[in-house]
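Dear colleague,

Please find below the structure that I am handing over to you. My notes on what was found in it follow directly after.

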Amino acid sequence: MVDFTDRPSHIGPDGERIPLEEHLDDVRERVGWLVPDDAETPAGNSLAELAGVVAQVHDFGKLTSWFREHLLSDDAQPDGPKHHAPISALLAHYALEACGFDGADPLIGFLAVAKHHGQLPDVAPYVSQAAADSAQSPLKRLFRRDACQQAKKINEEVPALAESVLEQATNNSGSWAAFLEYVSEGEQAGKYRTIAEHACGGLTLSPEPEKLPPGFYESVLQVWSALVFADKASATYLSTGIEIGRKAYRSPTPGRLEIDAYIDELQTENAETELDPRTEQMNERREDARQEVHARAKEFVDDDRNVATLTLPTGMGKTLTGLDAALTVLEGSEMASNPNEGRLVYALPYTSIIDQVAEQSRELFGTGERGERLTVDHHLADTLVSPPDEPESVADDAVENVAALLGESWRSGMVVTTFVQVFESLAGPTNARSMKLPSLYGSVVVLDEPQALPLEWWPLVDRLVELLTEEYGASVIAMTATQPELLSAGDREPFSLVADPDPYYDELDRLDFVLHPSAVAMLPGQDSEESDTIDDDAESAALPYDRAGELVANRADDRKSVLAICNTIDSARELAESVDDRTAPLDVNEVYDELLTAADRSTKSIRSERTLADAVRRRRPGQPLLVHLTTRHRPCDRRHLIDVASDLAEAGEPVLFVSTQLVEAGVDVSFDEVIRDFAPMDSLVQAAGRCNRSYDRNRGRVTVWQLAPPPNRETTPASAVYGRGESLTKLTGQALATVYDGDPMPEPDVTRNAVEHYFDLLDGRDVGADEYVEYLDRAEAEQLGRLSLIDERPAVDVIVTRTADERETVEEIRRAFGEYRWDDLDDLVESTADWQVSVPVYPGDDDTMEKLAACEPLFPDTDRLVLDGRPGRHDGYFDATDGVIIPDTSVEARLL
């Protein structure tokens with residue numbers, strides 16, 4: 001029996017040295033929990049067995065005394081290479097060949113091990129540099145010279161340990177002597193060429209990614225991600241408690257019956273309340289839809305398609321219905337019986353609406369902030385899941401590390417997240433994001449509002465959904481009121497969870513769409529003759545802000561609540577100022593500011609006590625109420641002001657709400673009238689969903705206009721955001737022209753007929769970047785990793801403090817930095833996410849840089865800045881009504 005005590009893998013949470021053999025066995029067992037037994041490699045071999053071999057050798061290079069010296073002494077400079085992945089990757093390739101894996105399968109193991117502490121590369125160039133004789137790159141040094149030195153060192157010091165690892169990994173099919181010969185060729189090509197033969201060609205082994213077999217990237221992704229997660233999980237205290245670790249891999253999903261109980265409770269409350277007949281009818285239709293979708297979801301479980309659509313009008317309770325459908329599929333799936341597989345992933349396009357869905361889900365399923373049944377994951381979220389049955393002997397910081405690991409790896413029964421987290425974790429993920437992927441096996445993924453995905457990503461998203469369904473056995477539900485022709489289900493249409501959506505749209509006739517003459521000008525073959533619109537004396541050209549403000553003011557005179565949605569920040573600011581000039585309103589933003597300035601408490605306490613709504617009601621002497629919101633306002637303030645504005649509008653107050661698209665999707669508000677600057681068809685329909693949402697008005701109206709360029713701009717906001725020429729707005733005009741005859745258009749004409757025509761036109765344009773799919777087929781992970789679902793503009797995060805509590809937190813952050821309390825510092829900085837505003841900064845934008853230079857950094861050596869939001873402290877930088885004020889010197893500086 002060989003003794004690995006003197007060859008540690010890592011230092012455990014309580015300072016003990018974990019022997020390498022124990023770590024390798026632990027990781028292999030964990031990988032066995034993660035990769036399904038029926039998964040296959042491109043060559044038709046068992047992917048689970050391949051992953052097991054890979055796990056058993058992934059840290060083989062740690063056998064050298066050079067690595068031990070590096071691990072046990074921070075100051076030591078070993079005489080030889082301390083890295084361990086390259087030689088371990090070579091061993092993985094050798095071991096897989098020894099075990100009978102053929103074709104490109106050994107290359108899968110090579111890549112997974114070589115990059116288990118990094119990010120996957122573009123495969124063909126990577127292996128070419130590692131294996132080609134002529135390569136003079138660092139990779140040649142790592143895989144040739146260094147690996148040869150390490151093999152000789154291990155053979156001198158612990159050959160018996162090396163033999164033991166090989167015996168375990170290959171079931172005695174391979175030997176240490178054979179592998180030593182394999183790597184001892186050093187600078188000679190020899191066996192190194194076999195590593196590259198399936199991705200390279202010619203005498204020089206030049207990259208030829210087209211030689212890789214179909215499904216290669218998918219297999220690498222599965223093995224690599226399982227190895228990364230298992231390796232990191234093993235390094236926590238769970239490495240000394242396998243049974244605890246096994247529990248942590250599977251958390252309970254929310255129960256579908258809890259939705260039934262919630263609905264029963266609502267129906268009981270409604271029965272005790274005298275509801276408007278139309279509201280009662282709306283509730284009945286919502287329940288009809290839920291029951292139909294529930295029945296169809298049961299059929300979907302037995303269908304041979306794994307992609308479904310759920311198409312219902314806005315306001316029909318799609319969130320609840322979608323959750324019901326997803327849990328029905330999950331409970332009916334055979335894979336849900338696997339102790340590791342089967343969870344619900346609910347993905348949305350915007351972080352601004354995730355919290356609302358998460359809050360509703362927590363209330364529905366009775367789970368807490370860190371409950372193992374529900375995790376919220378986006379870039380601003382504190383993604384933590386308390387580990388089950390943690391030992392009392394484990395230190396708090398170790399428990400926190402595990403909580404972060406379980407949260408970020410989506411081990412909860414339900415995850416509420418963004419499209420970014422789902423699709424960028426499948427397309428070229430970072431090392432950390434890869435840990436999510438094993439949690440997707442057997443899961444149900446709900447895509448809420450898939451039409452919001454960038455057009456260039458559509459072909460790749462379709463391909464990634466295919467990856468999800470075929471490789472991970474997942475089911476995908478695309479849920480929206482404006483269903484795009486985005487996802488395929490093989491050669492057939494996706495399964496429809498609503499057999500015929502038309503009756504729901506026809507019966508849900510709550511409003512009329514009205515085209516202002518400035519919008520009529522966007523329609524082909526139309527002129528701007530007089531029509532029954534919001535104003536009889538309107539120009540046919542883009543509408544100037546003084547006229548737009550006057551039209552909104554007229555609605556206030558009629559005691560109507562109005563939501564005006566603009567395309568850019570500066571456009572919304574200009575319209576809000578115009579409305580303010582013409583109505584002398586009570587500025588709700590300013591009332592809120594006064595409360596925050598006067599109170600020594602947090603925004604959360606003010607929100608929970610409904611202080612703002614009460615203050616507005618006390619102070620309003622018959623004035624209309626103005627609310628202005630953009631992403632230049634803090635997230636916490638936006639949520640609170642939206643809630644208050646909604647409550648006041650529901651109570652019949654004349655609320656004039658001027659905003660950008662941040663209120664367009666997923667925000668549960670309802671106004672008498674919605675006015676939308678011209679935008680793509682799906683945006684118009686989403687905006688309409690904020691009007692007369694539950695038949696709480698006699699009849700709503702959605703007016704579409706085209707606003708003029710704001711001051712110092714040359715193009716209209718619609719053109720600035722959505723482009724000119726063959727743009728989405730042009731297709732929208734063509735689709736609207738099919739239903740517009742000069743009169744107001746009933747809701748179904750637009751939300752169903754015009755929408756279908758719009759997506760038909762879009763489908764005919766063959767939208768999307770096909771080269772993105774080629775990256776995947778060619779296993780170009782580095783290229784995929786450069787893609788982003790969001791327009792990542794250079795920006796600076798500005799923390800705006802508006803209460804005494806918030807200012808004290810900033811001071812505590814600075815004390816923690818000065819006292820080197822790094823764990824406390826990280827936690828404190830994370831707690832400021834809700835107070836942060838991202839301000840775009842572009843090269844040459846001297847005005848913005850000059851203003852930002854006057855702001856204090858949060859602490860030395862950080863890009864985060866701090867603004868004191870109290871009046872007189874940072875005048876010119878922050879305004880209660882407009883938020884953070886930085887000069888927009890470029891159209892490209894716009895934000896939603």
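The buried residues of helix H14 are Thr-279, Met-282, Arg-285, Glu-287, Ala-289, Arg-290, Val-293, His-294, Ala-297 and Phe-300, where buried means under 20% relative accessible area, exposed over 50%, and partly exposed in between (1.4 Å probe, protein chains only). Helices (H or I, at least four residues) and strands (E, at least two) are DSSP runs, numbered from the N terminus.

This is a predicted model, in which local features need pLDDT of at least 70 and side-chain atom pairs count only at pLDDT 80 or more, while totals for chains, interfaces and linings use all residues. Residues are numbered from 1 along each chain as its sequence is written, and side-chain values use heavy atoms, with hydrogens and water left out.

The cover over the buried residues of H14 includes helices H13 (257-271), H15 (318-332) and H20 (502-507), together with strands E5 (307-311), E10 (475-480) and E11 (495-496).

There is also an open sheet of eight strands with mixed pairing, in the order E14-E15-E16-E13-E17-E18-E12-E19. Strands E14 (586-587) and E19 (745-746) stand at its edges with a single partner strand each, so one side of each has no neighbour in the sheet. Two strands pair if DSSP finds at least two bridges between them. Strands E15 (residues 625-629) and E16 (residues 655-659) run parallel and are joined by five bridges; in E16, Phe-657 is the bridge partner of Val-627.

Finally, the whole structure holds zero disulfides, a disulfide being a pair of cysteine sulfur atoms within 2.5 Å. Cys-200 is buried, with a relative accessible area of 1%, and Cys-855 is buried at 7%.

Yours sincerely

Notes:
Contact = heavy atoms within 4.5 Å.
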